Amino acid sequence: MTDKQLRAIRFYIGDVSGRDPFWGDPKAYLVLNSLLYSGVSTECARASEGKRLNPHILDDTGRLLEIYGELFSAFRECRAERDMVTFRVERWSDFLISRKAGRTVSFTSTSTAGFLSDYRDRKGIALMKFRIKKGSPCLDMARVLPEYAKSQEAEVLLPPGMRLEFREMPLSPEELLITDCGGAPPVGCFEISCGEVCLPALDGKELPQEGADAGKRLYSAICGGGKPSPEDAAAYSDWKKALHRVLGLGEE
C-alpha cells in the first residue's frame, strides 16, 4: 500500500487532523459518497438530518479525482482473506436505490462489530447483513492500516459497483430496538450476498469546474435550510453524470 493510498483511506474514514478545509474534514465521506448518486436527493436527505456537506471538497476537481483513483487502486490490491459477515445501518432511501440497482452505488461502510449506534442518525433505516466471500475486493481497516485510529468501528469498506443479492429477513426483538434519529424502528432487515465487481480505472479526462461550483452553492443552500436554484441543481446533476463517466461507474 502506497502513502497516497493510505492517505486517501484515512481521509475517507475521517482519520484526519489540522484545520485544512479539505484534508481536515472528518466527515468528507458524506460528499465523496453523495457524488456517486444521481441527482440531488441524496444530498438533500443528508442535509435534512443536520449533516454538513463540505463545499471545499469540490474546490479542486483534479484533487477530488485523485482521491477516488487512490481508493479504487487500494481495492484492486486488497481482498477478503476469509468469508465474512458484516453489518450496516443504512438510510432507507439510499437502501432503495441500491436494491433497485442491484449493487453498491457508493463506497459502503460495514462493520464486523454489529449494528453500530453511531450510524443510527438517519431518517428511516434498513438493517443490512452482508455476506462477503473470500477473495472479494474490500478494505478491512484493521488489516490495511498500520495504525487504525477507529478500531472500535471494525470497518470493512466495500467498493462502488459490487453486485448484491437481497433477501428480506424477519426483524428480531433485539433488532426492533434499533431506532433511527426519530425513534422509529427499522423499516426492514436484509441479508445481502456480495458478488462480483469491476473496479474502474479513471479515464484521465478532466472535469469542468463550473458544475462543481454549482454544487458548492447547492450545498450552502440546503445545509442552510434553503432551496438551491433550479439552475444550480441541474448544472450540478449534469456534472455528476460527467464524474460518473470519468470514474467508469454506471448510473443507478
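Visitor: Why is Cys-181 called partly exposed?

Guide: Buried means under 20% relative accessible area, exposed means over 50%, and partly exposed lies in between, with a 1.4 Å probe and protein chains only. Cys-181 has a relative accessible area of 45%, so it counts as partly exposed. Please keep in mind that this is a predicted model: local features need pLDDT of at least 70, side-chain atom pairs count only at pLDDT 80 or more, and totals for chains, interfaces and linings use all residues. Residues are numbered from 1 along each chain as its sequence is written, and side-chain values use heavy atoms, leaving out hydrogens and water.

Visitor: What makes Cys-198 exposed?

Guide: Its relative accessibility is 69%, and therefore Cys-198 falls in the exposed class.

Visitor: Why is Leu-218 called buried?

Guide: Leu-218 has a relative accessible area of 0%, so it is buried. This residue is found in helix α8 (residues 209–223), where a helix is a DSSP run of H or I with at least four residues, and a strand a run of E with at least two, numbered from the N terminus.

Visitor: Which residues does Leu-218 touch?

Guide: Leaving out residues up to four places away in sequence, Leu-218 touches Val-40, Pro-228, Ala-233 and Tyr-236; contact means heavy atoms within 4.5 Å. Pro-228 is 10 residues away along the chain, and its C-alpha atom is separated from that of Leu-218 by 5.1 Å.

Visitor: What makes a group of residues a nonpolar core?

Guide: The set must be buried Ala, Val, Leu, Ile, Met, Phe, Trp, Tyr and Cys residues joined through side-chain atoms within 4.5 Å. The largest such core has 74 residues, and Tyr-68, Phe-107 and Tyr-236 are among those with the most contacts inside it. Helix α4 (residues 61–77) gives the most to this core, with 8 residues. Tyr-68 touches several residues, including Leu-35, Phe-107 and Leu-247, not counting residues up to four places away in sequence.
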